[in-house]
Amino acid sequence: MAAMSSTDSSPSALKLSTQDLYRLLEPITVPSHSPRARFTNWGLSFTCKPLAVFEPENDYQCELILELARREGKVLRAVGVGHSPSDLACTNGFMLRATKMNHILEVNVEKRYVIAQAGITLNDLHRELAKNNLAMSNVGSISEQTLAGVITTGTHGSGIEYKVLSDSVLALTLLVADGSRVTCSRNENADLFIATLCGLGSTGVILSIQFEVEPAYRLKEEQESVPFDEFVSNMDTLVHSAEHARFWWFPTSDTVRCSYSNRTSEPRNPAGSWLWHSFLGHHVVQLLLFVARFFTFLNPLIANFACWLVSEKTVGVDDSHRIFNVDCRYPQHTTEWAIPLKHSQACLRELRAWLEQEHADPHGIRPHFPIEIRVSASDDIWLSPSNDITLFSSLKCDPLRPYGFNVPYRRLFEGYEAIVAKYEGRPHWAKAHKLRPDTLRKMYPRFDDFVRIIESVDPQGIFRNDYVQRHIMGRPIDTRVYKQRRD
Ligand SMILES: Cc1cc2nc3c(=O)[nH]c(=O)nc-3n(C[C@H](O)[C@H](O)[C@H](O)COP(=O)(O)OP(=O)(O)OC[C@H]3O[C@@H](n4cnc5c(N)ncnc54)[C@H](O)[C@@H]3O)c2cc1C
């Protein structure tokens, strides 16, 4: 793919009249009557109608957008595909949707890196890398997200020796608030680089990313189910027993589905069948969950059914990203917290005791979904949930929303968050949470360094949307301001 780029002959954005800015931006401005003029996240939980949505294809157009935002005194929020299950990407100001900035700029097979525009999706990246017999070293549960979206939120996969995906960034080009393009890496503008790696879109617009990759590989995944007690007692060993180990705990059936993946030279041999995974696991379960919205007592039965569907021991071999990715099904509410691995066993036992109590209570919570448990290595990225933790495990619960309809989740999240917070838990930045700077500052030793950087590169706060103002700057902004449902 060839990248569209600005030319040296393009007039500097600073020198253009505001009228010319509007004229030049017109072709990439989403018409206000278009459905794309409204932004709604993938989980259908948060929505906003920005003053204008721009879809640039090159760096120069991003400069024009920024200049317009500066002159009009508007917040500018760069977004990817809106997979963050919070209002992290929302704004009532200007929105820069980066999804047309999706070209590969360079592939270096020998030195094992790729340079791509920031809005490329991981799916497109996998495809382009495969042509060069390369692959990402680690991937999370899906590949729909943009590379910039993944990086700025500290997105992680699972693997005791694998860090968050941002750790593979070698360098990036950033458009900062004064309109200049800045290249940063660990050797050049290092503080800005580290801040941007989990920067929540608040350091500037990421234009392109140099990303470390490895020769393409297949993974052999073995899955089996074990009782909860056996899993928790052996957790220390189990998390080390594969390059990429991850787990799904079904509280209602007291069972943990374990997945162990290792690099292999065996030929492709995917596990699973359409009937089992797509028809029963996806469509039938969705229909049952819809019914359970009216008869909540059905939820544990459905969870047990879903657990039974995946109870067999399976072995599959496939291209790495196909094994890393799972079917995340339909919209969902999500909360996810990272806790130090040393606390995982105690935390999981306390979560189980609480859910058992709920189950015994006729009016108690009836979760229908598994809680996902993943592990990662520590990193030095200031706001990364795994910053300065030797090893961490992340515990995620996702009440699924059949056909996009709402399901109760607030009591569940409150109980869950109260427990994980006790174990030095840190929330995933992309997912809704209620923490404010006074708490976050204690969790993150470099929190104030992060604030210092964003205040120095963006003194006017052009890149600080309501999420950043609320959680990082401590402004009293309601968490439900962009909520899809107001109740
Ligand atoms: C089904 C599902 C599965 C998921 N699986 C995982 C997982 O396995 N592991 C995990 O850790 N997380 C996971 N997530 C979270 C997801 O990886 C993050 O929310 C990610 O940010 C989504 O990317 P996006 O392109 O949708 O970004 P958006 O949600 O659109 O934006 C996220 C952030 O990126 C910033 N941003 C986007 N583009 C730019 C740019 N060009 N310059 C500057 N900032 C930019 C935005 O300002 C915003 O702060 C999952 C989410 C969903 C819905």
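Reader: In which loop does Leu 200 lie?

Author: The model is a predicted one. In it, Leu 200 has a positive phi of about 55° although it is not a glycine. Leu 200 lies in the loop between α5 (190-197) and β11.

Reader: Does Leu 200 count as buried or exposed?

Author: A residue is buried if 20 or more other C-beta atoms lie within 10 Å of its own. Leu 200 has 25 C-beta neighbours inside 10 Å, and it therefore counts as buried.

Reader: Which element supplies the largest share of the shell around the ligand?

Author: The ligand is surrounded by 35 residues, and Gly 80, Gly 140, Gly 149, Gly 201 and Ala 430 are the closest. At least two residues of the shell come from each of β4 (76-79), α4 (147-152) and β11 (205-212). The largest share, 4 residues, is supplied by α4.

Reader: How many residues of that shell are charged?

Author: The shell around the ligand holds 17 nonpolar and 17 polar residues. The number of charged residues in it is 1.

Reader: Why do the buried residues of α12 line one face of the helix, and within what arc do they fall?

Author: Helix α12 covers residues 410-422 and reaches 19 Å from its first C-alpha to its last, close to the expected 18 Å. Its buried residues are Leu 412, Tyr 416, Ile 419 and Val 420. Seen down the axis of α12, these residues line one face because they fall within an arc of 95°.

Reader: Which exposed residues does the face of α12 turned away from its buried side carry?

Author: An α-helix has 3.6 residues a turn, so residues three or four places apart point the same way. On α12, the face turned away from the buried side carries Arg 410, Arg 411 and Ala 418.

Reader: What is the radius of gyration of the chain?

Author: The chain comprises 15 helices and 20 strands. It is as compact as a globular protein of its length, because the globule rule gives 23 Å for 487 residues and its radius of gyration is close to that, at 22 Å.

Conventions. Residues are numbered from 1 along each chain as its sequence is written. This is a predicted model: local features need pLDDT of at least 70, side-chain atom pairs count only at pLDDT 80 or more; totals for chains, interfaces and linings use all residues. The expected span of a helix is 1.5 Å times one less than its number of residues. A residue is buried if 20 or more other C-beta atoms lie within 10 Å of its own, exposed if 12 or fewer, and partly exposed in between; C-beta atoms are placed from the backbone. The arc is that of the directions from the helix axis to the C-beta atoms. A residue is near a molecule or strand if its C-beta atom, placed from the backbone, lies within 6 Å of it. Ala, Val, Leu, Ile, Met, Phe, Trp, Tyr, Cys and Pro count as nonpolar, Asp, Glu, Lys and Arg as charged, and the others, Gly among them, as polar. The radius of gyration is taken over C-alpha atoms; the globule rule is 2.2 Å times the number of residues to the power 0.38.
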